Amino acid sequence: MFRPSRIEIDRAAIAHNIKELTRRIPQDLMAVVKANAYGHGAVEVAKIALENGATMLGVALLEEALELRDAGIEAPILVMEAQFPEYAGVAAEQGITLSVFSAEWLREAAPYIEEKPLTVHIKVDTGMGRLGLRTREQLDALLEEATDSFVVEGIYTHFATADELDSNLYYTQQERFERLMDGLHERFRYIHTSNSAGAIRMAGQDVPYNLVRVGIALYGLYPSREMETFYSFLRPAFTLKSQLMQVKRLEAGQTISYGATYTTSADEWIGTVPVGYADGWLRKASGFEVEVNGIRCPIVGRVCMDRFMIRLPKEFPVGTDVTLVGGNVAIDELASYLGTINYEIVCQFTSRLPRLYV
Ligand SMILES: Cc1ncc(COP(=O)(O)O)c(C=O)c1O
C-alpha cells in the first residue's frame, strides 16, 4: 500500500456492538452486511459478527452472498433484494436463502432448481411500498405454489419508520403484519420484522418474532438521532485517515483549487490531503472541517478528484496524520453537513480507499 489514505475498521468496536445487542435482544441476530457491510468490508465484518453471536447474515444481492461463500463462510445468508427466478438454481446450490413475494416467482423459478431445494423467506410489504406481497390471498397462493423444490423457512416485513419514536405507521405496519399472519405463526421457522431501530425498541416486549436484522447498529451508528436517546451503548468502528502530503505558506490574495472559490486573506499555511471525490469524499464536503493533531481545520476551496486543501493554524510536517471521519469528527456531523444520513456516508467511500482492520 503506497497511499497514506485508509479506512480503519475497529474490530473490537464491532464485536462490542454485537455482544451488547445480543445481550439485550432475545431473538436470533442476523448481521446485515450488504453493500460491503455498509462500507466496512463484508467478509471481515461477517466473520466478526458470527464469532460474536450473530447466527445469520443478510445481504441485498446474490453477488454479495456469493462473495461470502467464496470466502468460506458457511452461515445461513438471506438475500433481501428481489432476484430473477432464473438464478434460483445458483442460490440453491450454494445454500443461499432468497426473498420471495409471489406465487408466479416460485412457478418461474422451479425449473431452475435441481437437487438441492431453495430455501426462501417471504417478504411482506406492510407499508414500505417496495418489495413484498400485500394480501393474505397472495400469501396463501404463494404457500400453495411452494412445491418440494422450496423450503419456506421464514416470513418478514420491513418498517419504514422504526427510527421515529412518535410514528403511527410503525404500529400500523405491525398490525398489518399480524393480521396477515393470522393462524400461520407455526408455519415458519423464522418470523422477523425488525431492523436496528425496531430490534432495540422491541427488546423488552413479548413478540412472536424470533430473528432481527441488524445493520447500522453493528457498525456503532444510530439509525437516527431519536434512537440515540433510546440506547447509548454503541461504539463506531469507522475512521477515515490520511496524511499531509504538502504544506506551504501562501501570502494573502492567493486562490485555491478549481473555480478559485477561496482566496487567502492573510499569510496562511495550506496543507494538501490526498483524498478526493473519486474516493467518495464528496465535492460537497468543501467547507467541512477535518482534524490535524487534535485541531479542527477547514477545507478551503473545492474538493478535487484526488485531493483537497485545508487551512492549518501553523506549519505541520508532511506526513502528519489527518482524520477526516472518526475520533472527534463524527460521521453524523459529516452526514448533517452533507444533508444526508450516516448510512449514506459509510456506503459512499469507494474501493480506492483500502480498509485496514485494527
Ligand atoms: C430489509 C432490511 N432489513 C434490515 C435492514 C437493516 O437496517 P438497519 O441498518 O437500519 O439496521 C435493511 C437495511 O436497509 C433492510 O433493507
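**Reading the sheet and the annotated sites of a predicted model**

User: Strand 14 (residues 268-273) and strand 17 are paired in the antiparallel sense over five bridges. Through what do the strands of a sheet pair, in general?

Analyst: The strands of a sheet are joined by backbone hydrogen bonds, in either a parallel or an antiparallel arrangement. The model discussed here is predicted.

User: Is strand 17 largely enclosed or open to the outside?

Analyst: The reading rests on the burial of each residue, where buried means under 20% relative accessible area. In strand 17 (residues 308-312), four of the five residues are buried, so the strand is largely enclosed by the rest of the structure.

User: In which sense do strand 1 and strand 10 pair, and over how many bridges?

Analyst: Strand 1 (residues 6-9) and strand 10 (residues 238-243) are antiparallel partners, linked over four bridges. Arg 6 stands opposite Lys 241 in strand 10.

User: Where do side chains point along a strand, in general? Is Leu 240 buried or exposed?

Analyst: Along a regular strand, side chains alternate between the two faces of the sheet. For the present case, Leu 240 is found in strand 10, and its relative accessibility of 0% makes it buried. Apart from neighbours within four places in sequence, Leu 240 contacts Arg 6, Ile 7, Trp 281, Val 322, Thr 323, Leu 324, Val 325, Phe 349 and Leu 353. By contrast with that list, a separation can also be stated for Ala 65: Leu 240 and Ala 65 are 175 residues apart in sequence and 26 Å apart in space, C-alpha to C-alpha.

User: At which residues does UniProt place the feature "active site"?

Analyst: An annotation of this kind is read from the record, and it may be inferred rather than shown by experiment. The unreviewed UniProt entry places "active site" at Lys 34 and Tyr 258. These residues span 225 residues in sequence, and the farthest two C-alpha atoms are 35.6 Å apart, so they do not all gather at one spot. Of these residues, Lys 34 is included in the lining of the largest pocket.

User: Is Tyr 258 buried or exposed, and where in the chain is its place?

Analyst: With a relative accessible area of 58%, Tyr 258 is exposed, because the cut-off for that class is over 50%. The place of Tyr 258 is in the loop between strand 12 (255-256) and strand 13 (262-263).

User: How many helices and strands does the whole chain have, and what share of its residues count as buried?

Analyst: The chain has 12 helices and 19 strands. Of its 358 residues, 54% count as buried. Its accessible surface comes to about 15700 Å², with 48% belonging to carbon and sulfur atoms. The C-alpha atoms fill a box of roughly 75 × 45 × 35 Å along the principal axes. Among contacts between residues at least 6 apart in sequence, 66% join residues at least 24 apart.

Notes. Residues numbered from 1 in each chain as written. Predicted model: local features only at pLDDT ≥ 70, side-chain atom pairs only at ≥ 80, totals over all residues. Heavy atoms only, no water. 1 Å grid on protein atoms, 1.4 Å probe; cavity = no way out; pocket = protein on both sides within 12 Å on 5 of 7 lines; lining within 4 Å. Helix = DSSP H or I, 4+ residues; strand = E, 2+ residues; numbered from the N terminus. Buried < 20%, exposed > 50% of the residue type's maximum accessible area, 1.4 Å probe, protein only. Pairing = 2+ DSSP bridges. Contact = heavy atoms within 4.5 Å. Areas by Shrake-Rupley, 256 points an atom, 1.4 Å probe, with all protein chains shown as cover.
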